[in-house]
Amino acid sequence: MRQKIIIDTDPGQDDAIAILLALASPKKIDVLGIVAVAGNVPLNLAKKNALKVVEISGFLDTKVFAGCDRPLKRKLVTAENVHGKTGLDGPDLPEPKIKLQKQHGVDYIIEALRSHKTKTITLCPLGPLTNIATAMQQAPDIIGRIKQIVLMGGAYFEVGNVTPSAEFNIYVDPDAADFVLRSGVPITMLPLDVTHQVLTTQKRIKKIKNIGNETGKIVSQMTVFFERFDEAKYGSDGAPLHDPCVIAYLLKPKLFEGRQVNVQIETKSKLTLGMSVVDYWGITDIKTHPRNVNFIRNVNAKGFYKLLTKRLALLP
Ligand code: BDR
Ligand code: CA
């Protein structure tokens, strides 16, 4: 059965590759809509980037919406230092011709959940959780209608990338993440612990470039730009391909391994703001600390790149 999903995103090169992977898998995944959120770049760029990515895929009927332009309670923190000033630096992409939907992204999420059969839509957040939390707060009736949330965010063993203790997506809007994690919706988290296992090594990117299509060329140009930051930071061959892990998880959950644990988000401390506090070892009492997250710890990186390369080959 095709899985109906809504992608909530702040593109970002790795977001772009996640969107391409989803759109390249129409037999398995039905992308109902893509909603932009402020994160890696401000909303104006995020929504334009989402349109650009849809154009690369050739699936021009895909609906793109603009959601929230700032976190629930805080000033927006962006990541141009990683993604470049456009958010999609690397390839030279034309201005998008397709148009944004007029409806606000949050209203779209609410309407989609109300108008589809209950528990049939999976939300796939690839950026800060602002849109998702706002939708839940504006329309609490949708919470019980969400099939599941599969998100990229958080970390336990890798701890942090934007601060020593926090992962970027959670750090930008910790209040939204806290709200979503307490919502009771089944949640799967793809944290840095996993994404740091799927590095864009030269060998892997060469294979994608060698597919010979335009998408392969663009994806390799994106990763070459995106890599430089993490290579300098971690001394690695390549960078973590964070967000595509969400879509790969939907397509082939067997590539991943994790456990059901309690996860809480730090929203008060200055030092550890946005930290995902993961009870990986089951230390807390289940009565006071519900096991609210399927926390993924490992991925079969070879299988992940095999899947990604095969799917990207299906695009123009
Ligand atoms: C996350 O932050 C963003 O920079 C990436 O797109 C990814 O969603 C990784 O921490
Ligand atoms: Ca992202």
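In this predicted model, aspartate 69 is partly exposed, at a relative accessibility of 42%. Its side chain meets that of arginine 70 in a salt bridge, with a distance of 3.1 Å from N to O. Arginine 70 is exposed, because its relative accessibility of 54% lies over the 50% cut-off. The pair is one of eight salt bridges found in a search of the whole structure. Side chains of opposite charge can pair when their charged atoms come close.

A second salt bridge joins arginine 182 to aspartate 178, at 2.8 Å from N to O. Here arginine 182 is exposed, with 60% relative accessibility, whereas aspartate 178 is buried, with a relative accessible area of 18%. Aspartate 178 counts as buried because this value is under 20%.

Aspartate 279 is buried, at 9% relative accessibility. Arginine 291 is partly exposed, with a relative accessible area of 23%.

Strand E9 itself covers residues 276–278 and includes serine 276. Serine 276 has a relative accessible area of 3%, so this residue is classed as buried. When neighbours within four places in sequence are left aside, the contacts of serine 276 are Gly154, Ala155, Met189, Val263, Gln264 and Ile265.

Aspartate 230 is buried, and the nearest side chain of opposite charge, that of lysine 233, is 4.1 Å away. Aspartate 230 has no salt bridge, because a salt bridge requires a side-chain nitrogen of Lys or Arg within 4 Å of a carboxyl oxygen. Apart from neighbours within four places in sequence, aspartate 230 is in contact with Gly235, Ser236, Ala239 and Pro240.

Positive charge also gathers on the surface, in a patch made up of Lys28, Lys203, Lys207, Lys252, Lys302, Lys306 and Lys310. Two elements, helix H9 (202–209) and helix H12 (301–312), each give two or more residues to this patch. Helix H12 contributes the most, with three residues. Lysine 252, another member of the patch, is located in the loop between helix H11 (244–251) and strand E7 (256–261). The relative accessible area of lysine 252 is 43%, so this residue is partly exposed.

Burial was also examined in helix H4. This helix spans residues 105–115, and its buried residues are Gly105, Val106, Tyr108, Ile109, Ile110, Ala112 and Leu113. The buried residues of H4 pack against several strands, namely E1 (3–9), E2 (29–36), E3 (64–66), E4 (121–125) and E5 (146–152). They also pack against helix H5, which covers residues 130–138.

Methods
Residues numbered from 1 in each chain as written. Chains lettered and ligands numbered in written order. Predicted model: local features only at pLDDT ≥ 70, side-chain atom pairs only at ≥ 80, totals over all residues. Heavy atoms only, no water. Patch = residues over 30% accessible without salt bridge, like charges linked within 9 Å, V, L, I, M, F, W, Y side chains within 5 Å. Areas by Shrake-Rupley, 256 points an atom, 1.4 Å probe, with all protein chains shown as cover. Lys, Arg positive; Asp, Glu negative; His and termini not counted. Charge placed at Lys NZ, Arg CZ, Asp CG, Glu CD. Helix = DSSP H or I, 4+ residues; strand = E, 2+ residues; numbered from the N terminus. Buried < 20%, exposed > 50% of the residue type's maximum accessible area, 1.4 Å probe, protein only. Contact = heavy atoms within 4.5 Å.
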